[in-house]
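Reader: I would like to go through this model with you, one feature at a time. Could you take my questions in turn and show how each answer is reached?

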Amino acid sequence: MDQHEIDCAYCAGKGTDPHGQLWRGATCYVCHGKKTVMVPLPHVSCRFCHGSGSYKTFSCQVCRGAGVMAPVSEPARPCPACAGHGSEKSSGLACLECRGRGEITTTTREEEKV
């Protein structure tokens, strides 16, 4: 899979921790201060964090702070558990069915067992 370099979504390409968790000016732990991250081509915006790379004051657990991820292999459909949003309504955490991606492949679990 090809890789592409983009600005780090978590720190907005600044290279420092956007939330100042450790101390003001601490290095971003997603890009390690490089201001960019390598992502797969093609890629889609993360549905769980809406491309921001963060969840509250932490890096997004789904895209690992990049804000984008590889698309679900085709054919895919919206996740029925989260209606394609990527998050559980009750907890706000990543959907367990689609792992926060908002989509699942159209193959059923019965087909995977065969």
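Reader: How many disulfides does a search of the whole structure find?

Author: The model is a predicted one, and the answer rests on the distances between cysteine sulfur atoms, for which the cut-off is 2.5 Å. Cys63, for instance, is in no disulfide, the nearest cysteine sulfur being that of Cys60 at 3.7 Å. Over the whole structure, the number of disulfides found is 0.

Reader: Is Cys63 buried or exposed?

Author: The class follows from the relative accessible area, and a residue under 20% counts as buried. Cys63 is also one of the residues in a second, separate nonpolar core of 8 residues, which includes Cys46, Cys60 and Ala94 as well. With a relative accessibility of 8%, Cys63 is therefore buried.

Reader: How many residues does the largest nonpolar core have?

Author: In soluble globular proteins, nonpolar side chains tend to be buried together. In this model the largest such core includes Ile6, Tyr10, Val37, Val39, Ala66 and Val68, and among its cysteines are Cys8 and Cys31. Cys31 touches Cys8, Cys11, Gly15, Thr36 and Val37, when residues up to four places away in sequence are not counted. The largest core has 11 residues.

Reader: What is the geometry of the pair formed by the rings of Tyr10 and Tyr29: stacked, edge-to-face or tilted?

Author: A search of the whole structure finds 2 aromatic pairs, and in the pair of Tyr10 and Tyr29 the ring centres are 5.4 Å apart. Planes under 30 degrees apart would count as stacked and those over 60 as edge-to-face. The planes of Tyr10 and Tyr29 stand at 55°, so the pair is tilted.

Reader: How many residues apart in sequence are the parts that this pair of Tyr10 and Tyr29 ties together?

Author: Tyr10 is buried at 4% relative accessibility, whereas Tyr29 is partly exposed at 40%. Both Tyr10 and Tyr29 lie in the loop between β1 (2-7) and β2 (36-41), and the pair ties together parts whose separation in sequence is 19 residues.

Reader: What is the phi of Lys56, and what is that of His32?

Author: Lys56 is found in the loop between β4 (54-55) and β5 (58-59) and is exposed, with a relative accessible area of 63%. His32 lies in the loop between β1 and β2 and is exposed as well, with a relative accessible area of 57%. Each has a positive phi in a residue other than glycine: for Lys56 the value is near 60°, and for His32 it is near 55°.

Reader: What is the distance in space between Gly92 and Tyr55?

Author: Gly92 is found in the loop between β7 (76-78) and β8 (103-105), where it counts as partly exposed at 25% relative accessibility. Leaving aside neighbours within four places in sequence, Gly92 is in contact with Phe48, Tyr55 and Ser87. Gly92 and Tyr55 are 37 residues apart in sequence, and their C-alpha to C-alpha distance is 9.7 Å.

Notes: Residues numbered from 1 in each chain as written. Predicted model: local features only at pLDDT ≥ 70, side-chain atom pairs only at ≥ 80, totals over all residues. Heavy atoms only, no water. Phe/Tyr/Trp six-rings, centres within 6.5 Å; stacked < 30°, edge-to-face > 60°. Helix = DSSP H or I, 4+ residues; strand = E, 2+ residues; numbered from the N terminus. Buried < 20%, exposed > 50% of the residue type's maximum accessible area, 1.4 Å probe, protein only. Core = buried A, V, L, I, M, F, W, Y, C linked by side-chain atoms within 4.5 Å. Contact = heavy atoms within 4.5 Å.
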